[in-house]
Amino acid sequence: MLKYIIKRLLVGVLTLFILATITFFGVHAMPGDPFSQEGRGLSPEVYAALEEKYGLDKPISEQYVIYMNNALHGDFGESISKRGQQVSDIIVQRAPVTAEIGLIAFVFSMGIGLLLGIISALTKHGAVNGAVTVFATLGVSIPSFLFALLMMIVFGVWLGWLPVVGLKSWKHFIMPCLALSLGPISNVTRLQRSSMRDVMNDDYIILARSTGDSESKVIRKHALKNSLLPVITYAGPMFSGLVTGSLVIETLFSIPGIGREFTNSITNRDYTLVMGLTMFLGAIVIVMNLVSDVAAAVVDPRIKLEK
């Protein structure tokens with residue numbers, strides 16, 4: 001397993017390098033630059049001084065080499081739109097907020113999704129199974145931002161039950177976390193239902209029943225653990241998706257996290273901040289995919305992590 005982990009980490013580093021390269025030339029190819037936006041009113045002298053300060057007066061290839069060399073040493077530069085603030089400091093400040101929202105949404109998704117999936121797989125009531133199926137279908141069909149807007153209108157404006165801006169109390173977390181977790185809840189429900197139904201028809205379940213064990217014990221001791229494998233495999237990418245997919249949600253609810261910062265950095269053409277946030281979010285995706293693979297192998301020893 002150690003050899004597999006090292007190999008995956010090396011592939012992850014290469015992937016991150018390619019991502020950084022594409023992002024670097026992509027952001028520099030966008031029309032305009034951080035200092036020429038309408039309304040800035042900069043004199044030619046000030047404009048030239050700013051370009052020199054951030055190295056934008058150099059050829060693009062030279063800028064790339066300088067940036068990548070600095071990034072390898074942990075220096076992601078100074079934010080262009082937030083003068084005097086280092087990109088690494090901004091990430092350290094904003095990441096905990098996004099991580100907190102993502103973690104709560106992850107717990108929502110796993111807890112509710114597993115419960116609904118198990119109920120749907122084991123119930124003999126067609127109405128219950130049908131209701132879960134409808135919910136799972138709607139959950140993957142409705143975009144998170146649309147669901148967020150609907151909740152803001154109904155619970156924030158019409159009823160006034162929940163606040164819609166910031167993260168000042170536990171009530172502020174409800175709508176953003178629900179909006180983020182709607183799709184994952186549906187996916188977990190579908191995966192768990194399908195896996196549980198397959199497992200319940202396996203030979204070892206029939207054998208366990210024949211020994212006289214109660215149905216609840218058979219489910220708890222044999223079926224549940226083996227049915228969790230597809231969900232565990234999905235959990236890693238789901239968590240990284242919750243963190244990296246909070247861009248629009250954080251903007252809608254004015255949450256001071258990575259997602260909102262990333263959106264603003266693109267609008268402001270803040271090259272260094274876009275690069276730093278992209279590499280940070282890319283690293284999260286790579287690491288969580290690796291964690292989910294290793295966790296699946298731990299749960300099911302039959303999985304060999306050799307490739």
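This is a predicted model: local features need pLDDT of at least 70, side-chain atom pairs count only at pLDDT 80 or more; totals for chains, interfaces and linings use all residues.

User: Is Thr278 buried or exposed?

Analyst: The cut-off for buried is under 20% relative accessible area. Thr278 has a relative accessible area of 11%, so it counts as buried.

User: Now helix 5. Why do its buried residues line one face of the helix?

Analyst: The buried residues of helix 5 are Val132, Ala136 and Gly139. An α-helix has 3.6 residues a turn, so residues three or four places apart point the same way. Looking down the axis of helix 5, you find its buried residues within an arc of 65 degrees, so they line one face.

User: What's exposed on the other side of helix 5?

Analyst: Helix 5 runs over residues 126–141, and its buried residues include Val132. On the other side, the exposed ones are Gly126 and Ala127.

User: What covers the buried residues of helix 5?

Analyst: Val132, Ala136 and Gly139 are the ones being covered. Their cover includes helix 4 and helix 7.

User: Which element gives the largest share of the largest nonpolar core?

Analyst: That core has 36 residues, and Ile101, Phe106, Met110 and Phe253 have the most contacts inside it. With ten residues, the largest share comes from helix 4.

User: Where is Ser254, and is it buried or partly exposed?

Analyst: Ser254 belongs to the loop between helix 11 and helix 12. Its phi is near 55 degrees, a positive value in a residue other than glycine. Its relative accessible area is 27%, so Ser254 is partly exposed.

User: Last one: which element has the lowest mean pLDDT?

Analyst: The protein chain averages a pLDDT of 82, and 92% of the residues score at least 70. Among the elements, helix 6 has the highest mean, 90. The lowest mean, 71, belongs to helix 8.

Notes:
Residues are numbered from 1 along each chain as its sequence is written. Side-chain values use heavy atoms; hydrogens and water are left out. Helices (H or I, at least four residues) and strands (E, at least two) are DSSP runs, numbered from the N terminus. The expected span of a helix is 1.5 Å times one less than its number of residues. Buried means under 20% relative accessible area, exposed over 50%, partly exposed in between (1.4 Å probe, protein chains only). The arc is that of the directions from the helix axis to the C-beta atoms. Contact means heavy atoms within 4.5 Å. A nonpolar core is a set of buried Ala, Val, Leu, Ile, Met, Phe, Trp, Tyr and Cys residues joined through side-chain atoms within 4.5 Å. pLDDT is the predictor's confidence in each residue, from 0 to 100.
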